[in-house]
Amino acid sequence: MRVGIGYDSHRFADGRKLILGGVEIPHPRGLAGHSDADAVAHALTDAVLGAAGLGDIGSLFPDSDPRWKGANSLELLHQAYRTVAAAGHRLVQADITVIVERPKIGPHVALMRERLAAALSVGPHAISVKGKTNEGMGWIGREEGVAVIAVAVLE
Ligand code: MG
């Protein structure tokens, strides 16, 4: 068994869609980024790559590369996992915490689990997604952005 941890954060920006865990969430602002800025998919990608000892999302999909501009991050997750699977690993389970003041994550958790699981060829029961606020503290409390922590277990 191998364990990996991933972290990601993105800044809120006007004129962007808010996409988390492959789900477009209705909100006045989205997240800035080279790709679709899906911080949930990015943190999970890093957790899975970290567990396999295969680097990180930046080494596989550098943001200096125009191929990944506006990229669907679920597709990046899927591609990263193919590398991990080719090295002989299989995802057992992942647990994700999304830290954001607004919007509420809870109503979107079921669909996020389904989409993330599909990208990783596992059932939704293998993927847990939880939302937390930062109790109004710091940059998350000021609604400047979103942070995500993910843990993945591979066998
Ligand atoms: Mg990111």
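Guide: Happy to; we'll take the metal site, then the core, the strands and the salt bridges. Keep in mind that this is a predicted model.

Visitor: Great. Which protein donors does the magnesium ion have?

Guide: They are Asp8 through OD, His10 through NE2 and His42 through ND1, lying 2.1 to 2.2 Å from the ion. Along the chain these donors follow the spacing D-x1-H-x31-H.

Visitor: Where do Asp8 and His42 lie?

Guide: Asp8 lies in strand S1 (residues 2-13) and His42 in helix H1, so the pair ties together parts that are 34 residues apart in sequence.

Visitor: And are Asp8 and His42 buried or exposed?

Guide: Both Asp8 and His42 are buried.

Visitor: Okay, switching to the core. How many residues are in the largest nonpolar one?

Guide: That core has 47 residues, and those with the most contacts inside it include Leu20, Leu44, Leu91 and Ile127. Helices H1, H3 and H4 each supply at least two residues, as do strands S5, S6 and S7. H1 gives the largest share, with nine residues.

Visitor: What is Leu44 in contact with, leaving aside neighbours within four places in sequence?

Guide: Leu44 is then in contact with Leu77, Ala94, Ile96, Leu116, Leu120 and Ala150.

Visitor: Now the strands. In which sense do S5 and S6 pair?

Guide: S5 and S6 are paired in the parallel sense, over six bridges. As one example, Thr97 has Lys130 in S6 as its bridge partner. The chain gets from S5 to S6 through H4, and this β-α-β crossover is right-handed.

Visitor: Last topic: how many salt bridges are there?

Guide: The count comes to five. One of them joins the side chains of Arg90 and Glu155, at 2.4 Å from N to O. Arg90 sits in the loop between H3 and S5 and Glu155 in the segment after S7, so this pair ties together parts that are 65 residues apart in sequence.

Visitor: What about Arg142, which residue does its side chain meet in a salt bridge?

Guide: Arg142 meets Glu144, at 2.8 Å from N to O. Arg142 is exposed, with a relative accessible area of 56%, while Glu144 is partly exposed, at 33%.

How values were computed. Residues are numbered from 1 along each chain as its sequence is written. This is a predicted model: local features need pLDDT of at least 70, side-chain atom pairs count only at pLDDT 80 or more; totals for chains, interfaces and linings use all residues. Side-chain values use heavy atoms; hydrogens and water are left out. A nonpolar core is a set of buried Ala, Val, Leu, Ile, Met, Phe, Trp, Tyr and Cys residues joined through side-chain atoms within 4.5 Å. Buried means under 20% relative accessible area, exposed over 50%, partly exposed in between (1.4 Å probe, protein chains only). Helices (H or I, at least four residues) and strands (E, at least two) are DSSP runs, numbered from the N terminus. Contact means heavy atoms within 4.5 Å. Donors are N, O and S atoms within 2.8 Å of the metal (3.2 Å for Na, K and Ca); water is not among the atoms, so sites may look incomplete. Two strands pair if DSSP finds at least two bridges between them. A crossover is right-handed if, with the strands pointing away from the viewer, the path from the first strand over the helix to the second runs clockwise. A salt bridge is a side-chain nitrogen of Lys or Arg within 4 Å of a carboxyl oxygen of Asp or Glu.
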